[in-house]
Amino acid sequence: MQLISIAIGKFIFRLLRLFGRTGSALPGLVIEKLNPHFLPTLLRQLPYGVIVVSGTNGKTTTTKISTALLESQGLRVLTNRTGSNFVRGIISVVIDKARWNSELPYDIAIFEQDEAHAVRFAHQVKPRGVVILNVMRDQMDRFGEIDTTRQMLQQLVSAATDWVTLNANDERVSHLQAAPNVKTYWYAHSKELQPDFLTDDQLYHAESVAYHLAAQPTVLLTGYTDCDVSLTIRGKKRHYEYALQGGHNALNLTAAMTLLCAVVPKYNETKLKATLRELQPAFGRGEIITLPSGGSLTLQLVKNPGGFTQALRMLELKTYSVIGIAINDDYPDGRDVSWLWDVDFSNLSSQPSILCGGTRAADMANRLKYDDCKNMAVEGAIPEYATILDATVAQAKGEAILFCTYTAMRKLRALYLGNRSGLDEEDVDI
Amino acid sequence: MTTKETAMELTIVHLYPKEMNIYGDTGNRLALQKRAEWRGIAVDIQLVGIGDRLPDGADIIIGGGGQDAGQGIIQDDLQHKAPQLRALASDGVVMLMICGMYQLFGRSFTTHQGEIIKGIGVLPLETTGGEVRMIGNTIYDTLYGEIVGYENHSGVTVLDTGAQPFGRVVRGDGNNGGDGTEGCSVQNVFGTYSHGPVLVKNPQFADELLRRALQRKYGTVRLASLDDSIELAAHAVATMRPR
């Protein structure tokens, strides 16, 4: 049955490629219906098992860094690189990467999954390790409430068979309980870095910014700049060159290092160092792209108040001459844009102008108006917005940054990079 | 006698900003504050949480939506404040309660599990927790014009016969997805399921609240008009987006 499933799946892939499509969820969708045991059977071959990374913010970057770290130690890592969260997306990845004889030539799989998809996935495949990053308000029009989200993550943590990696600074995460024989590896940032990282509750009760540390962490983040990071790993101080921007990415790295400690306790330090030096941001997560007219633009995905607040801190590390914000309200972005009012934009009030784009460009401009920003340009249509932004960056001759929701990021990235975007438009399925 | 706007001031009380503040409802506070300040009216913001005293001289009291847990946490404190809130309501203090706080301004909220959370009975209505979440963009027809917003609730609210709804549902579910009513109003107290936040894309309703508060305090007032082109553009977009 596995052989037939793979053959059918691969055949669909070939058909799709004939029509110029790459990386589609369709083969996975077909096999999911045809053979419900496909995924657990195939993944059972992996000697190091399956790891699931979940939480509100940082999944894609943490998964990408973790993959690089494990690969630096010689492991062959199967991953869902495009961030396709559906179980069928993962089935597609497996079909594509499996050999025709149903052999899966990998040592370990690491998949990022949002809360709801992770629970569905864990029903089919018991993960050996689970990494939970944070619980913040996000996409509540889909999941209802933040406590519902936490309950879904609890189900995921309970499904882990060997170990879990948890954020010791996040109260909601640190209350998650793994099964009795499952080991917990904690990660955290130091108390000194507290002002850089607000948890959801702290974001909403400005007066209670107390430092929370649930347990002694395996890996502790103690400092970062735009070109290096300082960690204390199992009690030893370490210092690495690394070029991802922003505190949120430094914390994602901390989570990935903890995962490495869990999977490869005796990792090779030299190989690790070399890999960290070469790390590139995940697509749209602080990724720097070259615009058609030659300017450079940092793309920073924003999905919720916590992530947006954290992302705005990037403006403290670097000066940008052009700032854009593109807010779409399509299903993957979340239909409700009320959350923009939970982000404090007053540090943008001295900006000479801000380019607002996306279906909810007017909402964004309105939000900025109430934080005393001036000179907001509004262009709802993404193609026109892309042209205006490109021209403005070319004229300003400085660095530019764009904060954008998921579908806005995907569309702008595709418009700017064309064939170089490296992603299939059909992948938009989170 | 009319008072000059520049000599006026308003005290705005935000009830339970920690526990009941989901979906950007804090934006309502910002909308009232800025729209008053842009007209030269001084604003004093008072955050009132569990155990805090309601300040004297509140002109506008606002409250937001929360999680079920939030409603549980505040219920005892709210009962403690209930007599004072009821007195202020009948004294004409302007109040705007969204979603979870709207429900608690009714007589009771019976959760899906059958637990009864007592309300404070300012609004003539009762709510029961339903199975289906009512989620999506909304349009209501109200005495204050077309109101756009976003609803996200599983509570099913039924108004007493003869009670005044805040508006009629043009799009969305409103109070219960059945009778076409949305929200409720009594004197100067308004309750609605609308997030958005409701005041930021419906500036005419924000101004109605300011006008009522100032009128109660200073007698007849005429609010200076503001340039609402950005607010109205956001409003227009909201009417065209999918549910």
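Predicted model: local features only at pLDDT ≥ 70, side-chain atom pairs only at ≥ 80, totals over all residues.
Student: Before we start, how are residues and chains labelled, and what pLDDT do local features need?
Tutor: Residues are numbered from 1 along each chain as its sequence is written, while chains are lettered from A and ligands numbered from 1 in the order in which they are written. Side-chain values use heavy atoms, with hydrogens and water left out, totals for chains, interfaces and linings use all residues, side-chain atom pairs count only at pLDDT 80 or more, and local features need pLDDT of at least 70.

Student: OK, chain A. Are helices α1 and α2 roughly parallel or antiparallel?
Tutor: Helices here are DSSP runs of H or I with at least four residues, strands are runs of E with at least two, and both are numbered from the N terminus. The axes of α1(A) (residues 2–18) and α2(A) (residues 26–34) come within 9 Å and cross at roughly 155 degrees; axes are lines fitted to C-alpha atoms, for helices over the stretch in contact, and angles run from 0 to 180 degrees between N-to-C directions. Under 35 degrees counts as roughly parallel, over 145 as roughly antiparallel, 65 to 115 as roughly perpendicular and the rest as oblique. So α1(A) is, relative to α2(A), roughly antiparallel.

Student: And how many residues of the contact of α1(A) with α2(A) are nonpolar?
Tutor: Contact means heavy atoms within 4.5 Å, and on the α1(A) side A:Ser5, A:Ile8, A:Gly9, A:Ile12, A:Phe13 and A:Leu16 meet A:Leu26, A:Pro27, A:Val30, A:Ile31 and A:Leu34 in α2(A). Ala, Val, Leu, Ile, Met, Phe, Trp, Tyr, Cys and Pro count as nonpolar, Asp, Glu, Lys and Arg as charged, and the others, Gly among them, as polar. For this contact that gives no charged, two polar and, for nonpolar, nine.

Student: What about α6(A) and α8(A): left-handed or right-handed crossing?
Tutor: The axes of α6(A) (residues 115–124) and α8(A) (residues 146–159) come within 9 Å and cross at roughly 30 degrees, which means the two helices are roughly parallel. A crossing is left-handed if the near helix is turned anticlockwise from the far one by less than a right angle, and right-handed if clockwise. For α6(A) passing α8(A), the crossing is left-handed.

Student: Which strands stand at the edges of the nine-strand sheet?
Tutor: That open sheet runs β2-β3-β1-β4-β5-β6-β7-β8-β9 in chain A, with mixed pairing; two strands pair if DSSP finds at least two bridges between them. Each edge strand has a single partner, so one side of each is left without a neighbour in the sheet. The edges are β2 (77–79) and β9 (236–241) of chain A.

Student: Which residue in the turn between β8(A) and β9(A) has a positive phi?
Tutor: β8(A) (residues 228–233) and β9(A) run antiparallel, joined by six bridges, and A:Thr232 stands opposite A:Lys237. They form a hairpin with two residues between them, and the one with a positive phi, about 45 degrees, is A:Arg234.

Student: How is the pair of A:Phe308 and A:Phe345 classed?
Tutor: Rings of Phe, Tyr and Trp (its six-membered ring) pair if their centres lie within 6.5 Å; planes under 30 degrees apart count as stacked, over 60 as edge-to-face and the rest as tilted. The structure holds 15 aromatic pairs over all chains. In this one the centres are 5.1 Å apart and the planes at 85 degrees, so the pair is edge-to-face.

Student: Last one: which residues does the cis peptide bond in chain B join?
Tutor: Most peptide bonds are trans. This one has an omega of about -15 degrees, and its proline lies in the loop between β12 (189–192) and α4 (203–218) of chain B. The bond joins B:Gly196 and B:Pro197.
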